[in-house]
Amino acid sequence: MAMKRAASTLITSASSTISSLSSSSASSIITRNLHASGGKKKIVGVFYKGNEYASSNPNFVGCVEGGLGIREWLESQGHEYIVTDDKEGLDSVLEKHIPDLHVLISTPFHPAYVTAERIKKAKNLELLLTAGIGSDHIDLNAAAAAGLTVAEVTGSNTVSVAEDELMRILILTRNFVPGYHQAITGDWNVAGIAHRAYDLEGKTVGTVGAGRIGKLLLQRLKPFNVNLLYHDRLKIEPELEKELGATYEEDLDAMLPKCDIIVINTPLTEKTRGLFDKNRIAKLKKGVLIVNNARGAIMDTQAVADACSSGHIAGYSGDVWFPQPAPKDHPWRYMPNHAMTPHISGTTIDAQLRYAAGVKDMLERHFKGEDFPEQNYIVKQGELASQYR
């Protein structure tokens, strides 16, 4: 209980300044009507389980047990709050509550896939919120067709993800993983590490996507004296581009073969789904390193595994898979030269507090009948945001 009170206090404090945090907080929302009607609401949250770690940190609010630290607040207003990790199949806890829930909260780290079928079943649905960045677990076209609103409190985990990407670049470049395995297995074979360990300095790094996370990554890479390239539908502001020393590449396929390291920072859309297929991967520089903390489905799963096995991709690291959680037989678990983890980059304790505050703020606005910050909308009045068109 003390844990929940501490987290709730921090989240309440963060919520009071959430407007100023809109560039550093994230969640996604769908509303069947723009604003809620009055009365008691059924709110369902789908998160990963904290298990034995749930009580280890009072600010660990992103798990089932933490429930984003909003239970007392919601229940004090007469709302019903149900939290679960059981989200798949007709017999799941989530499916049981789909017909009469008013609000569904989910997270990219343990996503509740909101299909057209689920939207159709959810007759009372007013709001669907994702605590984190990215709305690709929602059928956005179905949401738009149904007149739902999808929004994100943009930026809650941008710093968290950018820092994680930099870490993964260094892990791959310095061939860290084999050295770590030697340390824990009692081996000592310097050659087994050094034969493919490099300095980062002087390498060409290209980011596919230069939004909030991409820009932060470019800023953090500049001190390493690397050659920075970026591809995006929009150019970075000239002053910032000059400050970063980054070069804009309008043609993606012209940029990719120049890169020693490629970082994926683009959202998952119909245009980017399967963007890195067998043919595009074949055009990359032999020995390329790839970091992907965006979405697993941007890559052709088997094409990546095959390229890692052949050595065309010398190293692949990321925390995103498709589907999630990844099945035990997922090819990326067993391919050589990878540094994969579960989806963790955007759920640091700091990020959890930010996106929990964002969730509370958006719910509060919804209950009061207030608009969301304009930059947060992904689908509004049947129109998709430009990055998803």
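**Salt bridges and a nonpolar patch**

Q: In this predicted model, how far apart are N and O in the salt bridge where the side chains of aspartate 361 and arginine 365 meet?
A: The side chains of aspartate 361 and arginine 365 come together in a salt bridge. Both residues belong to helix α14 (residues 349-368), four residues apart, which is about one turn of the helix. From N to O, the distance is 2.9 Å.

Q: Is aspartate 361 buried or exposed?
A: Buried means under 20% relative accessible area. Aspartate 361 has 9% relative accessibility, so it counts as buried.

Q: Which helix holds the aspartate 253 that pairs with arginine 280?
A: Arginine 280 forms a salt bridge with aspartate 253, and their closest N and O atoms are 2.8 Å apart. The pair links distant parts of the chain, 27 residues apart. Arginine 280 sits in helix α12 (residues 278-282), while aspartate 253 sits in helix α11.

Q: In the salt bridge between glutamate 88 and lysine 87, what is the relative accessibility of lysine 87?
A: These two side chains meet at 2.6 Å, N to O. Glutamate 88 counts as partly exposed at 45% relative accessibility. Lysine 87 counts as buried, because its relative accessibility is 3%.

Q: How many salt bridges does a search of the whole structure find?
A: Some salt bridges form a network, linking Glu95, Glu117, Arg118 and Lys121. For the whole structure, the search finds 15.

Q: What is the area of the nonpolar surface patch made by Phe176, Tyr180 and Ile184?
A: Phenylalanine 176 lies in helix α7 (residues 176-185). Its relative accessible area is 47%, so phenylalanine 176 is partly exposed. Together with Tyr180 and Ile184, Phe176 makes a nonpolar surface patch of about 330 Å².

Notes
Residues are numbered from 1 along each chain as its sequence is written. This is a predicted model: local features need pLDDT of at least 70, side-chain atom pairs count only at pLDDT 80 or more; totals for chains, interfaces and linings use all residues. Side-chain values use heavy atoms; hydrogens and water are left out. Patches are made of residues with over 30% relative accessible area and no salt bridge: like charges are joined within 9 Å, nonpolar side chains (Val, Leu, Ile, Met, Phe, Trp, Tyr) within 5 Å. Accessible areas come from the Shrake-Rupley method with a 1.4 Å probe; for residues, only the protein chains shown count as cover. A salt bridge is a side-chain nitrogen of Lys or Arg within 4 Å of a carboxyl oxygen of Asp or Glu. Helices (H or I, at least four residues) and strands (E, at least two) are DSSP runs, numbered from the N terminus. Buried means under 20% relative accessible area, exposed over 50%, partly exposed in between (1.4 Å probe, protein chains only).
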